[in-house]
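Trainee: Could we go through some of the labels used for this structure and ask what stands behind each one?

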Amino acid sequence: MGRIDTADEVRSASHDLTDRAVDAGLRAVDSLDRAVASAQDTGQRLAAQTSELGDNLQKVAKNFSNAVDKSVTEQPLTTLGVAVAAGFILGAIWKA
């Protein structure tokens with residue numbers, strides 16, 4: 001009788017251990033799925049923000065280009081003076 005009880009206990013312990021391992025595996029898979037979904041969501045938001053930033057930079061560049069064109073045609077000497085001053089300041093910063 002003692003041997004049968006021990007075999008049943010071993011079998012029961014083995015099943016318990018298997019069930020716990022399966023549960024742990026399922027929890028790990030669930031956690032991994034959530035992490036992947038979170039990473040995908042973050043990637044999509046980052047892509048949208050990057051696209052918006054690119055659009056805004058294009059608008060700023062176009063506005064700046066229009067402003068420079070207008071300045072060159074309406075006040076060429078003033079524009080030249082500002083360009084020389086900006087070059088001097090950038091050169092001083094570069095040297096420092």
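Mentor: Gladly! Keep in mind that the model is predicted. Let's start with I89, which has a relative accessible area of 49%.

Trainee: Why is I89 called partly exposed?

Mentor: Partly exposed runs between the buried limit, under 20%, and the exposed limit, over 50%. I89 has 49%, so the label is partly exposed. You will find I89 in helix α2, residues 76-95.

Trainee: And what makes L26 exposed?

Mentor: L26 reaches 55%, and exposed means over 50%, so L26 counts as exposed. This residue belongs to helix α1, residues 2-74.

Trainee: Which residues make the nonpolar surface patch?

Mentor: F88, I89, L90 and I93 make it, and the patch covers about 480 Å². Residues of a patch need over 30% relative accessible area; I89, at 49%, therefore passes that cut-off.

Trainee: How do you know that R45 and D41 form a salt bridge?

Mentor: Their side chains meet at 3.4 Å, N to O. The limit is within 4 Å, so the pair qualifies as a salt bridge. Both residues lie in helix α1, four residues apart, about one turn of the helix.

Trainee: What about D30 and R34?

Mentor: There the N to O distance is 2.5 Å, so this pair also falls within 4 Å. D30 and R34 are separated by about one helical turn because they are four residues apart in helix α1.

Trainee: How many salt bridges does a search of the whole structure find?

Mentor: Three. Among them is the one between R11 and D8, at 2.9 Å.

Notes. Residues numbered from 1 in each chain as written. Predicted model: local features only at pLDDT ≥ 70, side-chain atom pairs only at ≥ 80, totals over all residues. Heavy atoms only, no water. Patch = residues over 30% accessible without salt bridge, like charges linked within 9 Å, V, L, I, M, F, W, Y side chains within 5 Å. Areas by Shrake-Rupley, 256 points an atom, 1.4 Å probe, with all protein chains shown as cover. Helix = DSSP H or I, 4+ residues; strand = E, 2+ residues; numbered from the N terminus. Buried < 20%, exposed > 50% of the residue type's maximum accessible area, 1.4 Å probe, protein only.
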